[in-house]
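Please read the following report on selected local features alongside the sequence and the model.

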Amino acid sequence: MKQRAALAGLLVLILAAIGFDWATAPPPLPGYAQVRAAWKPSEAWLYDRHRVLIDSARVNFAARRLAWVPLGDIAPVVPASVVAAEDARFRSHGGIDWLAILGSIRARTNGARGRGASTLSMQVAAFLSPTLATPGARGWRDKLRQMRAARALEMTWSKDQILEAYLNLAPFRGEAQGIGAAALSLFGKTPAAMARDDALLLTALLPDPQAPAPRIAARACRLGGAAGDCGRLASEAASMLGPVRTLALDPGLAPHLADRLLTKPGLRITTTLDAALQRRVAAALRRQLLGLGGSRARDGAAVVIDNASGDVLAYVGGIGGASTAPAVDAANAYRQAGSTLKPFLYAQAIERGYLTPASVLDDSPVQLDTASGLYVPQNYDRGFKGRVSVRSALAGSLNVPAVRTLLLVGVEPFRDRLWDTGYRGLVEDGDYYGFSLALGSAEVTLLEQANAYRSLANGGRWSPLRITADAPRIAARPVTTHAAAWIVADMMADPNARAATFGLDSALRLPFWTAVKTGTSKGMRDNWCVGFSDRYTVAVWVGNVEGDPMRAVSGTSGAAPVWRDVMLALGRDDERGPPMPPGVERRRIAFADAIEQPRTEYFLRGTGQSLIAAAPATARRARIINPASGSVYAIDPDIPADRQRLAIETTGDVRAHHVFLDNRDLGPAAQQLLFFAPPGRHRLRLVDQASRITDQVIVTIR
C-alpha cells in the first residue's frame, strides 16, 4: 500500500510539473535578425541622385514608426538613463531580476507600493509576443510566462540587441513608437543628438506615456537626482508636450512626387532629381508667385530635364503659398496647351515641304466652317499683322497663320504627330479637336510638354523620361526629321523674329543660345513657358489649379521669368546651340514689297529661295472668301432690304467666272457683287466658262 501511495504521489507530482510547465510555457519568440527584417516603418523616403534625402511621406497611419535605429546611433545617455530607471541590474541578470522580485514581494507584504520587477528582457518579450502582456495580465501565471520568455530571449540575444530592441519597440507619447519617432516628434532631434535632459524626460515617459507635463517633469527630476535642474526640466517637459516639434530631417523638397511614388511603408526610392537644383527651381517659382500675388495667379509648377539622358533633374509640382489647392500636382495635371503646340505644327509642315521658314502666311481675319458653326480665330492682341513669314509667325506666336498651316497639314495628321511626341492626353480623333488644335485646345501635362520640347532639342528623337534611378533607358525613336526639328528650334531661338510681339529685351532673351515658346490658354487659365538649351529643357506653368482665370498675366510676365531664372542658373555663356545638321542649307533672302527685312534663312536642302514674293493672282485658285460657308445672317425687319445686302469677295484668278446664288446668276466674279436673299439656306457658287463649279459656300438667312 505504501509503495502504491508513493508511486501515486510521484505520478501526481509529475503530472503537476507537466501541467505547470504547460500552463507557464511562453510562446516561441523570433530571433533578433527576424525582428529587424520584419520592422516596417510607417514612413517612406525619397532621395535625390546623390542619395540626399529630399522628401518623405507617412504611408501607415496605425502608428508612427521611423527606420530602425541601431544602438550605436543613439546618444549613450539615453540607454544609460533607461537602464538606470527601468532595470538597474540589466547587465548582470539573465532575464529575471530575483533581487527586484524579492524587494517587490517584501514591499507588498509590508503594505507598501512595490516597485515593478519587470526587466527590459521581459518587456521586450512582451513586445515580441503581445499575448504575454494582454490587458489585465497581472496574475502569477502571466508573470511566470514573461519570466520564462525573458530567460529564453537571453539565451539567443545579446544584451545590446535586447536594449536596442527595447528602445525601438517601446511606445512613447501618442502614436510615436520607438526612439526614432519619439526623438523627432517630441524633441525635434535625431536619437544621436539627444542630451541628458532629453534622455531623462524620455525615460520619464515610459511608465505612463500619456501623463501630464508636471508629472513627467517630477519623475525626470527624481531620475536626475542632485544633478537635475527641476525648473529647467519642468519647462522642457511643457515644451516637449506642446505643439509637435519636428526636426527638418525631411526637407519637403518634392511633396507631390513623394505622394506619387511613395506608396508602401519603408520604401526608399532614389530619384534622378538633384536636391540643390530642386531648391533653386522651387525658390524661383516661389519668388515669382509672391511677386504676382494671389489675386493674379496662385499656382505654378516647373520641371528641368537633362536632354541627353531624359533624367528629370527638378520636379516642382507646386509651392503652396496662396494656393487654394496645394495638394494638386500641377506638373502632372492636364491643362490646356495654348500656343505651345505650334512648333510641332510648323515642324510637320516644313518636314513635308509645305512651308519653309521664309514662306509668307496671311495674318488676316479668317472664318472656317465647322460642324459646330463658324470658327473665327483671333490673335492674342486682337490685331492682325498682314503678310508675315513662317519664322515671324512662330516666333511671334500668331494664331491665324497657325490655323492656316493646320489647313495645309490636316487636323488628323497633326493630332497623330502630337500623340507620337508623347502627348497622351489627346485620346480623341482629329475631328474632336478641330482647327483649334493649332492654338492648343488639347490638354497636356507639364512633363509631356518638357519631353516633347526635349525631342526638338535632340534632333526630333523622342524617348520616355526617367524619374527614378532604376527606370530603364529606352532607345529614342524619331518623330520629326532632324532637319525640320533644327529649323524650328532656330526659329524659336531668334530674338529678332519675336521682337514685334515680345520686344527685344523680354524675359525670353538670354546671354546664350536657347529656343523657347510661351503659351496662354483660352480664358487666361494657363500660362506656359517651355524652352531648351544644348543641355537642358525647362518647362514652367503658372495659373490657378482650380481653373479660374488669371488677372493681368501675360506670356512674358507669368511663367517666363521663372524659366529665365532657372535657365540662367543652368546655362553657360559659351553655349552656341546645336550645329546645323545635314539636309539643311543656308541662303541669303529678300522679300518682295518689303514684307520683312532681308536676312539669312535656312531651308531643307533643295527648297531654298533667294527672293520671297507673293504668288500672282493668276497662280491662285479662284474661290469665295466672303461670306464664309456656314455663316448665319438675320434679317432686321426695321431696316430696308436694300440696306441689308451682303458683299461677295473672291480671291485668285476669277476672270471669266460668274457667281450664282442658288440658280440665279449674280454677275461676273471680278466685279463688286452684293446680294439679298429671303430666309432659308442658300448656295453661292463660283462657276467658270466651262460651267465647272470651282468653289461654293452655304449660308443661312433667318
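Asp 593 lies in the loop that runs between strand S17 (584-591) and strand S18 (599-604), strands being DSSP runs of E of at least two residues and helices runs of H or I of at least four, both numbered from the N terminus. The model is predicted, so that local features need pLDDT of at least 70 and side-chain atom pairs count only at pLDDT 80 or more, while totals for chains, interfaces and linings use all residues. Residues are numbered from 1 along each chain as its sequence is written, and side-chain values use heavy atoms, with hydrogens and water left out.

Most residues other than glycine have a negative phi. Asp 593, although not a glycine, has a positive phi of about 60°, and this residue is exposed, with a relative accessible area of 60% (buried means under 20%, exposed over 50% and partly exposed in between, with a 1.4 Å probe and protein chains only). Ala 656, in the loop between strand S22 (646-651) and strand S23 (658-661), likewise has a positive phi, near 65°, and counts as partly exposed at 41% relative accessibility.

## Strand S7 and its partner

S7 pairs with strand S10 (residues 386-389) in the antiparallel sense over four bridges, pairing requiring at least two DSSP bridges, and Asp 363 stands opposite Gly 386 in S10.

## A covered helix

Helix H20 (residues 482-492) is mostly covered, with ten of its eleven residues buried; among them are Trp 486, Ile 487 and Asp 490.
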